[in-house]
Amino acid sequence: MCYDKCARGIGHSLVWLAILCIVANILLYFPNGETRYASEDHLSQFVWFFSGIVGGGLLIFLPAFVFIGLEQGDCCGYENCGKRRVMLSSVLAALTGIAGSGYCVIVAALGLVEGPICLDSSNQWNYTFANTQGQYLLDKSTWSQCIEPKHVVEWNVSLFSILLALGGIEFILCLIQVINGVLGGICGYCCTHHQQYDC
């Protein structure tokens, strides 16, 4: 198995997943494309945790670029055990990705359970579904309790679900890279027997 090619594939995938996380998080600030809810502080508290921007985004770029950077080195150019150290060091980057994606998943899940802040029938801004332990997700008939922003429940559920899914995929990919990095460090960085060196 060629461990560096696997790492590069994971790196390229993580870049696109991180971009999608950032976009989804930014969209949470603009229900129905309107900016006034953010300026009036009528957004879910979990939107302000920047889970997609920081956790699923910026903290994923670091391991992604480390993994992609593995293709820049010719494995036969590494001295002795250097090729193995490179793969083992990629494990540290993967652990950073696990932390970031884990943060994204946790915050997105909490955002889904609590639900959006919205103007209800009593003309009050509150977390209408906070006491339902997420049961509102299974009962769409209750979503009409939120009067403003219009369709805010759908907006939050869709985007937090996207962040949850993307963060989960990032977590799995980084976990795979931990295993790949350890195996690559132990078994050797190069693909063929002729390219491998003994430590």
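A cavity, on a 1 Å grid over the protein atoms alone, is a set of points where a 1.4 Å probe fits but cannot get out. Lining residues have an atom within 4 Å of a point. Grid points are joined across faces, edges and corners, and a volume is the space filled by probe spheres set on the points.

This is a predicted model, in which local features need pLDDT of at least 70, side-chain atom pairs count only at pLDDT 80 or more, and totals for chains, interfaces and linings use all residues. Residues are numbered from 1 along each chain as its sequence is written, and side-chain values use heavy atoms, with hydrogens and water left out.

How many cavities of 30 Å³ or more does the structure hold? There is one. The volume of the largest cavity is about 50 Å³. Its lining includes Leu28, Pro31, His42, Leu43 and Ser44. Pro116, Ile117, Pro149 and Val152 are also among the lining residues. By class, the lining has eight nonpolar residues, three polar and no charged. Here Ala, Val, Leu, Ile, Met, Phe, Trp, Tyr, Cys and Pro count as nonpolar, Asp, Glu, Lys and Arg as charged, and the others, Gly among them, as polar.

Next, the fold. The protein chain has five helices and two strands. These are DSSP runs (helices H or I, at least four residues; strands E, at least two), numbered from the N terminus. Read from that end, the order is α-α-α-α-β-β-α. Of the 199 residues, 47% count as buried. Buried means under 20% relative accessible area, exposed over 50%, and partly exposed in between, with a 1.4 Å probe and protein chains only.

Now the packing. A nonpolar core is a set of buried Ala, Val, Leu, Ile, Met, Phe, Trp, Tyr and Cys residues joined through side-chain atoms within 4.5 Å. The largest one has 48 residues. Leu14, Phe67, Val153, Phe160 and Leu163 have the most contacts inside it. At least two residues of this core come from each of α1 (3–28), α2 (36–39), α3 (51–69), α4 (82–114) and α5 (152–187). The largest share, eleven residues, belongs to α1.

Contact means heavy atoms within 4.5 Å. Beyond its neighbours within four places in sequence, Leu163 is in contact with residues including Cys21, Ala24, Leu28, Ser51, Cys104 and Ala108. Across the protein chain, 79% of contacts between residues at least 6 apart in sequence join residues at least 24 apart.

An unreviewed UniProt entry lists residues 12–31, 46–70, 91–113 and 157–176 as "transmembrane region". UniProt positions follow the numbering used here, feature names are shortened, and annotations may be inferred rather than shown by experiment. In the model, residues 12–31 are 85% helix and 0% strand, with end C-alpha atoms 30 Å apart. Residues 46–70 are 76% helix and 0% strand, and their end C-alpha atoms lie 35 Å apart.

Finish in the loops. Asn32 sits between α1 and α2. Its phi is near 60°, a positive value in a residue other than glycine. Asn32 counts as partly exposed because its relative accessibility is 33%.

The loop between β2 (125–127) and α5 holds Pro149. A cis peptide bond joins Glu148 and Pro149, with omega about -10°. Gln133 is in the loop between β2 and α5, and its phi is near 50°, also positive. Is Gln133 buried or exposed? At 61% relative accessibility, Gln133 counts as exposed. Thr142 is found in the loop between β2 and α5, but it counts as buried because its relative accessibility is 18%. Thr142 touches Phe129 and Tyr136, leaving out residues up to four places away in sequence.

Terms used. On a 1 Å grid over the protein atoms alone, a cavity is a set of points where a 1.4 Å probe fits but cannot get out, and a pocket is an open set with protein on both sides within 12 Å along at least five of seven lines; lining residues have an atom within 4 Å of a point.
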